[in-house]
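Hello,

Here is the structure I said I would pass on. My notes on what was found in it follow below.

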Amino acid sequence: ETKALLDIIRKEAIKLYEENPISYKKMLIYGMENKDAISYMIDTEIKKIINLKDILIYAVCFSGDGDLLSQWRGYADNGNGVSIGFNINRLKDICKIEQLELGKIEYVSNENATTNTIISKYANKILNNVFDALEDEETKDLLYNKYGANRLSNLTQHTLIFDSVFFKHDSFKEEKEW
């Protein structure tokens, strides 16, 4: 799920740059044009997030609709399983006690990316991390350091991973998940 969200954020960050390009006088990376170099650096930031191995998150999804044919076919041995109902208020109480998070899944796609504040927030953060690395002449760290050019880049990566568990591609929206 995180990879699908990251792809949407990547595209949004590149789109943000294309809408307001900042031109750098010197060649950025091996003679690439500004747009290609910025896109490459954004891709590098996204790949770092995908490759983070030191963050472990456990997640479970519950459907808001207990009787969907697609659910029976896909998750219940083609209709041979069972559907178990849960009281949402009781789940919320348990989450508070156990310091867990429970929230509705938000379904996103490239088409509705610009209306989503989380996607816009992270697209802007990633683009700004690239710009900061360029301004501070830390592109080498951005490109080759496992955690990015600076602490802000690292913080963006970690918070994005945690937030990503509440997003899925909109092709799953009929499941109405929590």
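Helix α2 is largely enclosed by the rest of the structure, because 12 of its 17 residues are buried. Please keep in mind that this is a predicted model. The buried residues of α2 are Asn34, Ala37, Ile38, Ser39, Met41, Ile42, Asp43, Thr44, Glu45, Ile46, Lys48 and Ile49. The helix α2 itself covers residues 34-50 and reaches 24 Å from its first C-alpha to its last, close to the 24 Å expected at 1.5 Å a residue.

The next item is a pair of helices. Helix α1 (residues 2-19) and helix α5 (residues 117-135) have axes that come within 8 Å and cross at roughly 60°. The two helices α1 and α5 are therefore oblique to each other, and their crossing is right-handed. On the α1 side, the residues that meet α5 are Leu5, Ile8, Ile9, Glu12, Ala13, Leu16 and Tyr17. Their counterparts in α5 are Ile119, Tyr122, Ala123, Asn124, Ile126, Leu127 and Phe131. By type, the residues of this contact between α1 and α5 divide into 12 nonpolar, 1 polar and 1 charged. As background, an α-helix has 3.6 residues a turn, so residues three or four places apart point the same way.

Is Asn129 buried or exposed? Its relative accessibility is 2%, so Asn129 counts as buried, the cut-off being under 20%. Asn129 and Thr156 are 27 residues apart along the chain, and their C-alpha atoms are separated by 8.9 Å.

Regards

Notes: Residues are numbered from 1 along each chain as its sequence is written. This is a predicted model: local features need pLDDT of at least 70, side-chain atom pairs count only at pLDDT 80 or more; totals for chains, interfaces and linings use all residues. Side-chain values use heavy atoms; hydrogens and water are left out. Axes are lines fitted to C-alpha atoms, for helices over the stretch in contact, and angles run from 0 to 180 degrees between N-to-C directions. Helices (H or I, at least four residues) and strands (E, at least two) are DSSP runs, numbered from the N terminus. Angles under 35 degrees count as roughly parallel, over 145 as roughly antiparallel, 65 to 115 as roughly perpendicular and the rest as oblique. A crossing is left-handed if the near helix is turned anticlockwise from the far one by less than a right angle, and right-handed if clockwise. Contact means heavy atoms within 4.5 Å. Ala, Val, Leu, Ile, Met, Phe, Trp, Tyr, Cys and Pro count as nonpolar, Asp, Glu, Lys and Arg as charged, and the others, Gly among them, as polar. The expected span of a helix is 1.5 Å times one less than its number of residues. Buried means under 20% relative accessible area, exposed over 50%, partly exposed in between (1.4 Å probe, protein chains only).
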